[in-house]
Amino acid sequence: MKGWQKPKTTKLYINPPKAERMIMLWPDFKVVNSVVKRDQRQGAEDAHGFILVEGPGDVHIPWQESQMHIREDGIPIHKLEYSNGDLIYYMESFCSMDRIPVTYTRITVQNRTRRAIHAQLSLIPRSGRETELMGMNSDGYCSYEPRVELWGMRPSNWSMSEHTIRNDVYSILLQANEHVKMSWSGAEAGVPYHLRHVCKMQFEAGAESKTVIDIALAPGEGQAFDYNTAKRLTEKGWAEELALIQNVPQTDSPYYRRMFLHLISQMLQMIVSHEGESYTAVRQGGIERGIWPTEAVEYLVGLDMVGLYDHSNAVYEYFYQSQIKEGEDKGNIPSMIAPDWASNTGATLWGLSQHLVHRGDQERFSHFRQMLMDGYEWIERTRLVTTKDAYTGPGRGLFPPMSATDWVGANQSWCWTDAWNIMGLEQLAKAFAIFDDPAASVINQSYEQYMQAMKKILGDLTHGRELDEEIAITNRLGLAPTEPPWGPYHGDGPANLIRAGVIHTDSVTLVQVENYLRNRGLMRNGLCGLMTDSLILQGHAGDKWAGHTWYTSYAELCWFFAWLKRKEFHKAEETFQALVKYGMTEEFYIAERYADNDPTFAPWQPNGSGNGRMLMMMFAYFKEMQPVQPN
């Protein structure tokens, strides 16, 4: 492969906000609809969908040859396009705005020749585990390589009567012109299982004409529908949602305006209602249901920046009811269907404090005050372990060794956990002061003591190194830095100390850290977070992306804002443009990671916290700099 390529979009969200179904349009002309539950992470059994195959040979449409079309206004009514030479196939899909939505699809077949062509499409309906409908691979650390034959692994419980295909839960309603002949192919012996129980649609595609087939995937029996009417209602619903945006980046660029709107739409689509519950939660992205509060607050701060306070407020309510209410961990905020990070509570204080200041609502502050105080007191109790006279370990005044990230092991991850704690206490103290709460001074004192402890450790680690070209700062106190650095060093290393203000932006230490990263190729082409370990070390069977994988948006955010403060605008510009070029797809979908040797490697796409961080950078970019139009 020649050079770095822009990553590919592997799926498009089409579900509305606050749905309890996650519904996606995939580039190989399929729709998958699966349930969202509190206790389910990935691989939902209750998934339903269909895929279209083309021609009498039932050819699986090659996903990398299909084109995606997204709208200028950010509304997620998406369209696919695929040409086999004489015929062009279009697939447009969207959802109603309901909590359990109806999914509408219009198939248009365009004959661009001057002769009639006999054409056939087959619709394969299946239900079961969502990963098998996706193509066996999960939405994780792998390339997207779907095979329609794998749909034969799902026994079919669908049957067809007239123009409706049904199982016990969903219906697929079909509408087309009379010249489209539909027939049901059952369990004929000798036919591959994925081509049994399918609807075959045959028609004469007239010279230079279009054939239209409308499809509705609906819960229950379904109802007769008019595609254009349903589309207008969805357009209206989404227009109303996006009209609530109060703040936009200061740019007239159509490209960036379009990017902004699609980032917001994706974020709204990650707001979900868990099946059978009234609370509103937020997914991190991809097909995952997991909630990492440290990641989620980046997303929520992004929503607050654009003025969508009601949505972020609803998610903080979800965190409030999830907060531990008794015992020694009272006040801690756990992850949901995800590994617990010790930083979650500090990060939530950071995000919620800013949310309340943005809103300026005394009543909201009073409502969340107990949650905030309980979180603050949990942080202070946890730090007591390392402040006792008997404590002889490293990191006095910091958190004891705890699980900090998804990487296995309990370490004194001071660059990550403690940095998030001081960021949280800093914002908490500011919020309490703004709302004239008497606890503000006590919280601020805790913040200053915590920051002093962090700076003492930094001073001990850098003492006598002032003239060195570079410096490696350990991300695990008590352990010397390794070569290459251990774990997610791009995020839980010194970049986060810069973000938290422990390393000053005008310091020699910042320059030394940057030199260390650049000298080892960990910062290159504008990206700042080359991963230094392999998926194999985390239990995966293989990793053809090892040495090529960049964890995007987090390290870039830390360095981007540091370079703005240092007025090193050329560096900030390079990093922002690198995220536009390599950190997101043509359709503005951000993934958690980018592989410079494989554009189809796109885990956790789209990505909630990545979207939030991109919004933070967009607002600063257009305020502080003279932007350039991307190539």
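## Briefing on a predicted protein chain

Thr131 sits in helix α1, which covers residues 130-134. The model described here is predicted. The protein chain has 15 helices and 22 strands. Its radius of gyration is 26 Å, close to the 25 Å that the globule rule gives for 631 residues, so the chain is as compact as a globular protein of that length.

- Thr131 is buried, because its relative accessible area of 10% falls under the 20% cut-off.
- Along the chain, Thr131 and His179 are 48 residues apart. Their C-alpha atoms are separated by 36 Å.

**The chain as a whole**

- Along the principal axes, the C-alpha atoms of the protein chain fill a box of roughly 85 × 55 × 50 Å.
- Buried residues make up 64% of the 631 residues in the protein chain.
- Take the contacts between residues at least 6 apart in sequence: 71% of them join residues at least 24 apart.
- The protein chain has an accessible surface of about 24000 Å². Carbon and sulfur atoms account for 49% of that surface.
- There are 60 positive and 77 negative side chains in the protein chain. The centres of these two sets lie 2 Å apart.

**Aromatic pairs**

- The structure contains 34 aromatic pairs.
- One of them joins Trp341 and Trp416, with ring centres 6.1 Å apart. The angle between the planes is 80°, and the pair is edge-to-face.
- Trp341 lies in the loop between α5 (309-322) and α6 (344-359), while Trp416 lies in helix α8 (residues 414-434). The pair therefore ties together parts that are 75 residues apart in sequence.
- Trp341 and Trp416 are both buried.
- Phe576 and Tyr621 have ring centres 3.8 Å apart and planes at 10°, so this pair is stacked. The cut-off for stacking is under 30 degrees between planes.
- Phe576 belongs to helix α14 (residues 569-582) and Tyr621 to helix α15 (residues 608-624), so their pair ties together parts that are 45 residues apart in sequence.
- Phe576 and Tyr621 are both buried.
- Phe576 and Tyr621 also belong to a cluster linked by ring pairs.

**Backbone points to check**

- Most residues other than glycine have a negative phi, and most peptide bonds are trans.
- The peptide bond from Glu483 to Pro484 is cis, with omega near -5°. Pro484 is in the loop between α9 (440-462) and α10 (489-492).
- The peptide bond from Gln605 to Pro606 is also cis, with omega near -5°. Pro606 is in the loop between β22 (593-595) and α15.
- Lys18 is not a glycine, yet its phi is positive, near 60°. It is found in the loop between β1 (12-13) and β2 (21-26).
- Lys18 is partly exposed, because its relative accessible area of 34% lies between the 20% and 50% cut-offs.
- Phe588 has a positive phi of about 70° although it is not a glycine. Its place is the loop between α14 and β22.
- Phe588 counts as buried, with 1% relative accessibility.

- Leu497 is in helix α11, residues 494-500.
- Its relative accessibility is 0%, so Leu497 counts as buried.
- Leaving aside neighbours within four places in sequence, Leu497 is in contact with Trp414, Cys415, Ala419, Met454, Ile473, Val502 and Ile503.
- Leu510 is 13 residues from Leu497 along the chain. The C-alpha atoms of Leu497 and Leu510 are separated by 9.6 Å.

Key
Residues are numbered from 1 along each chain as its sequence is written. Side-chain values use heavy atoms; hydrogens and water are left out. Helices (H or I, at least four residues) and strands (E, at least two) are DSSP runs, numbered from the N terminus. The radius of gyration is taken over C-alpha atoms; the globule rule is 2.2 Å times the number of residues to the power 0.38. Buried means under 20% relative accessible area, exposed over 50%, partly exposed in between (1.4 Å probe, protein chains only). Contact means heavy atoms within 4.5 Å. Accessible areas come from the Shrake-Rupley method with a 1.4 Å probe; for residues, only the protein chains shown count as cover. Lys and Arg count as positive and Asp and Glu as negative; His and the chain ends are not counted. The place of a charge is taken as NZ of Lys, CZ of Arg, CG of Asp or CD of Glu. Rings of Phe, Tyr and Trp (its six-membered ring) pair if their centres lie within 6.5 Å; planes under 30 degrees apart count as stacked, over 60 as edge-to-face and the rest as tilted.
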